[in-house]
Amino acid sequence: MSIELLDRTRKINHLLSESSGDKVAFSDICEMMGSFLHSSVYVISRRGKVLGVYRHPDIRAIAGFEDTQVGSCAEERLNERFLSVLSTKENVNLETLGLDEYEAEGLTAMIAPILVNGDRLGTFFLYREEKTYRIDDIILCESSNMIIGLVMTTSLLAETGEELNKREAISSAIRTLSELEQRSVAAVIHSLGGMSGQVITSQLATKYHVTRSVMVNALRKLESARLIRTQSAGVKGTRIEVLNDIAYDEFERIFKEKWNS
């Protein structure tokens, strides 16, 4: 192993250790790798979402990546080609990714699957001009890939824990509601047509044949559980914002079950 490779590997590891357990930004890893390997670098999830980007100022953008930003999605056909790569491939001709001969001229790429415990989490994609990737570059790429896989796994675990907390909050709140209150709240949430909106509770109570007091009391319970936020709009009604996306889906399910049965 060369001194340069050892130094670069240590810097990448230091990036992870400096986070003190906090999430490392994928773009930070991309930028470090891009500067080391004089490459444009992307981290793309299994579903095609762009998680990290570094565009090297000296390297032209390729078709499908001109306006790519974190949070955007790669073209479906391009992501399918990425997912078909099952092990690290260096010095890939970009024509195999769908670029025409003119676009691919002078460019070479490296594609590394992000794998953790056999699960494909995404793809690490690098490309540059007029220079092939050497063995040291490949080793550095695979070392970075391990860090990216670790960060992605940590993120997934955090998201799973957050979802479990949300579901527990919903279950607890629903247990405090009577059958009629559940029906009333479901009718209100359904009428929003999204995660927020404005309703006139008296009109909804009449439409769904429940008393306004039952509907208002049920909404107060959900607000106490921090599942929704309400704000009076005077004679125009009440503005309601659903704070828990899973709660919205759950009350939509209750609406279909209890009002369409």
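**Entry 1**

I am working on a predicted model. Strand β6 and strand β8 (residues 238–242) pair in the antiparallel sense, over 4 bridges.

Then I wanted the whole sheet. In which order do the strands of this open sheet stand? I read β6-β8-β7, 3 strands with antiparallel pairing. The edges are β6 (196–199) and β7 (228–232). Each edge strand has a single partner, so one side of each is left without a neighbour in the sheet.

I followed the side chains along β6. Gly-197 and Val-199 point to one face and are buried.

Helix α6 (residues 179–192) touches β6, β7 and β8. The direction of α6 makes about 110 degrees with that of β6. Helix α8 packs on the sheet too, touching β7 and β8. I noted about 125 degrees between the directions of α8 and β7.

How do α6 and α8 pack against each other, and at what angle? I found about 80 degrees, with the axes 9 Å apart. An angle from 65 to 115 degrees counts as roughly perpendicular, so α6 is roughly perpendicular to α8. From α6, the contact is made by Leu-180, Glu-181, Ser-184, Val-185 and Val-188. From α8, I listed several residues, among them Val-214, Met-215, Ala-218 and Leu-222.

**Entry 1: checking α8**

I tested the length of α8. It has 13 residues, 212–224, and at 1.5 Å a residue they should span 18 Å. The end C-alpha atoms are 18 Å apart, which agrees. The buried residues of α8 are Val-214, Met-215, Val-216, Ala-218, Leu-219 and Leu-222. After the helix comes Arg-226, with a positive phi near 60 degrees.

**Entry 2: the five-stranded sheet**

I moved to another open sheet, with 5 strands. The order is β2-β1-β5-β4-β3, with antiparallel pairing. Which strands stand at the edges? They are β2 (50–54) and β3 (89–92). Each has a single partner strand, so one side of each is left without a neighbour in the sheet. Neighbouring strands are turned by 15 degrees against each other on average, direction ignored.

I then picked out one pair. Strand β4 (residues 107–116) and strand β5 (residues 119–129) are antiparallel, over 10 bridges. In this pair, Met-110 stands opposite Leu-126 in β5. Helix α3 (residues 76–83) packs on the sheet, touching β1, β4 and β5. Its direction makes about 105 degrees with that of β5.

**Entry 3: helix α2**

I found α2 lying across β1, β2 and β5. It runs at about 35 degrees to β2. I repeated the length test. The 12 residues of α2 (residues 26–37) should span 16 Å at 1.5 Å a residue, and the end C-alpha atoms are 16 Å apart, which agrees.

Which residues of α2 are buried? I listed Phe-26, Ile-29, Cys-30, Met-33, Gly-34, Phe-36 and Leu-37. They cover an arc of only 165 degrees around the axis, which puts them on the same side of α2. His-38 follows α2, with a positive phi near 50 degrees.

**Entry 4: two single residues**

Is Ser-45 buried or exposed? Ser-45 sits in strand β1 (residues 40–45). Its relative accessible area is 12%, and under 20% counts as buried, so Ser-45 is buried. Leaving out residues up to four places away in sequence, Ser-45 touches Leu-51, Asn-79, Leu-121, Gly-122 and Met-152.

I ended with Ile-139, in helix α5 (residues 135–175). At 33% relative accessibility, Ile-139 counts as partly exposed. Ile-139 and Gly-197 are 58 residues apart along the chain, and their C-alpha atoms are separated by 53 Å.

Conventions:
Residues numbered from 1 in each chain as written. Predicted model: local features only at pLDDT ≥ 70, side-chain atom pairs only at ≥ 80, totals over all residues. Heavy atoms only, no water. Helix = DSSP H or I, 4+ residues; strand = E, 2+ residues; numbered from the N terminus. Expected span 1.5 Å × (residues − 1). Buried < 20%, exposed > 50% of the residue type's maximum accessible area, 1.4 Å probe, protein only. Arc of directions from axis to C-beta. Pairing = 2+ DSSP bridges. Contact = heavy atoms within 4.5 Å. Axes fitted to C-alpha atoms, helices over the stretch in contact; angles between N-to-C directions. Parallel < 35°, antiparallel > 145°, perpendicular 65-115°, else oblique.
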